[in-house]
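Open your viewer and keep the selection tool ready. Let's take a short tour, one stop at a time.

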Amino acid sequence: MPPPSTTQGHVAALFNGPRRLSAAQGVPLRAGGEEPLANALNLEENLQILEQRTGLVPLSALTPSSQGANYERYQLVVRAVRLRLSHLGYAVGDPTSDKMNAELLKGLNVFRRDIGLEASGATIEQATWDALQEFVTLEDPLQIDKWYPVGGTARPVLVRAVQLRLTTLGLRPNVPVDPSDTNNLRIQLARFRAVAAELGLIPSSNISERQAMELVLSHDALVDKVAKAAPPVRQALEGLALSEQNLSAARRLLLRLARNELWLNGYPLGDIREPITQQKMLKALDLYWRNNPKRPLTVAAMESATHQVTPELFEDFARQQREEDVSRDDILGFVRANEAELQDYWTSEVDNSDFFLWDGIKRTFKWLKRQVVRLGQSLSTIFEAVGDFVRTLARNVFRSLFRVANEVLGAVSRAATAFVDGIGIFLGGELLPPAPRLNMGCRLNMDCDTVLLIDQEAPLEEARSLLRRLERVTAALGLAGAVLSLVIRLVASAATGVIGWITLIASLVHSAPEIIAKVSALAALG
């Protein structure tokens, strides 16, 4: 076995002592000492601390409050909401702040009213977050009938989203979104229709405003249409270099569309509202093709593929979306084999941007499936071959893990609550019917014996209700205990030697079906 690398030794030294990330970051993790249950119950809080450091919190499943242990996570939600509202042109003050102040609350309530919700307080509801995702992300489908009814008019919030998307496609300058700027929007939509018709993406430029808005906001549909490569598309892509200088509107749209897809796949391309940076685009294409199963076979073909946008690139984009997701076994094996290196990358190399964090999740799993051969290699081997590629690989591994881990931790939290509630009943020593009665009851002894008392005059239905409740409490304790037992085993196996938080999260993801199935059975008990 080769000697441990300097990185491994450095990380091991840090994690064998107090539970911290790298000293430069100074992020303390809460330790539960030698108590396995305490360590398991600290799991969610520790993940929240790590999420805050990396910015990889999977916000879409949260409805947090600003109080208690969830405050740090709530700050991430606030920053995400503020940034998204800012992108849509709502007045929220400093777009990078994580404070829920009066200025943000005012802008948030304007957005809520725009999407048909009542103005409310500082809690970020699921419906609010889902709508923000729908309007800002490039990936999730848009409910066009909801925001632009047939025979009706576009809701102002949809106008904002269209302006933002036209900016990413190079058909609108990168200026603040303004729903009152209807004249310019009409001109920009007309330009989009003309470009789409010129490229053969639509039959003619005479489509309705509603149809045009729907297509503008359908990134996947645009990619698929371009991938079919009608003659006008092939002609526009011919010799399409990576600079926007002197490009026609049609060629700029194709270049921007390719950049947006690469960005969704995790390649670091900066703010996609800005004009394309040629060097970033060149590097992204080089990484994309060099690590692609369909990579060009000759040096000349590789040179062509990385220095221009081609029909083959769009065909490959569309092909990837029809492929399978990566398996949990593949991800877990890769993480376990490269724990120390991934830990180091996590704390020092993975950069964040407000657009990137919550987009491209669906693509992440398919992109990783393509890298399954590389997932069988060591990270150091990959790094020696293509150093820059490691950052995208690590970033996509983290995104895939956190996306599923959030669901798992929610299940663990519900199991812990059920377990504590059930233990409370047990320690209380009795279980009573919903309406306390003198002629029935259940005594729970500390030796686990159960004494059930039902007087012959007790109402039959209430006696049955008490029996059903006893069955539910017993089953709930068993199921919740099984979940916590599994989590304790995972924590214990990851916390020996190097504190393996990356491996632990991967193990949770791997065990997700079992954990979620048990908690679903728990929920079914009522």
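**Stop one: a threonine and its neighbours**

Select T128 and show what surrounds it: leaving aside residues up to four places away in sequence, T128 touches L108, F111, R112, I115 and L117. Remember as you look that this is a predicted model. Now colour residues 126–136, which form helix α6, and you will find T128 in that helix. Is T128 buried or exposed? T128 is buried, because its relative accessibility is 0% and the cut-off for buried is under 20%.

Next, select residues 156–168, helix α8, and residues 182–198, helix α9. Two packed helices are described by the angle between their axes and the distance between the axes. Here the angle is about 55°, and the axes lie 11 Å apart. The pair therefore counts as oblique. The crossing of α8 past α9 is left-handed.

Show the side chains where they meet. From α8, pick V159, V162, Q163 and L166; from α9, pick L185, Q188, L189 and F192. What kinds of residue make up the contact of α8 with α9? Six are nonpolar, two are polar and none is charged.

Move on to helix α14, residues 278–290.

Last, highlight the buried residues of α14: M281, A284, L285, L287, Y288 and W289. An α-helix has 3.6 residues a turn, so residues three or four places apart point the same way.

Key
Residues are numbered from 1 along each chain as its sequence is written. This is a predicted model: local features need pLDDT of at least 70, side-chain atom pairs count only at pLDDT 80 or more; totals for chains, interfaces and linings use all residues. Side-chain values use heavy atoms; hydrogens and water are left out. Helices (H or I, at least four residues) and strands (E, at least two) are DSSP runs, numbered from the N terminus. The expected span of a helix is 1.5 Å times one less than its number of residues. Buried means under 20% relative accessible area, exposed over 50%, partly exposed in between (1.4 Å probe, protein chains only). Contact means heavy atoms within 4.5 Å. Axes are lines fitted to C-alpha atoms, for helices over the stretch in contact, and angles run from 0 to 180 degrees between N-to-C directions. Angles under 35 degrees count as roughly parallel, over 145 as roughly antiparallel, 65 to 115 as roughly perpendicular and the rest as oblique. A crossing is left-handed if the near helix is turned anticlockwise from the far one by less than a right angle, and right-handed if clockwise. Ala, Val, Leu, Ile, Met, Phe, Trp, Tyr, Cys and Pro count as nonpolar, Asp, Glu, Lys and Arg as charged, and the others, Gly among them, as polar.
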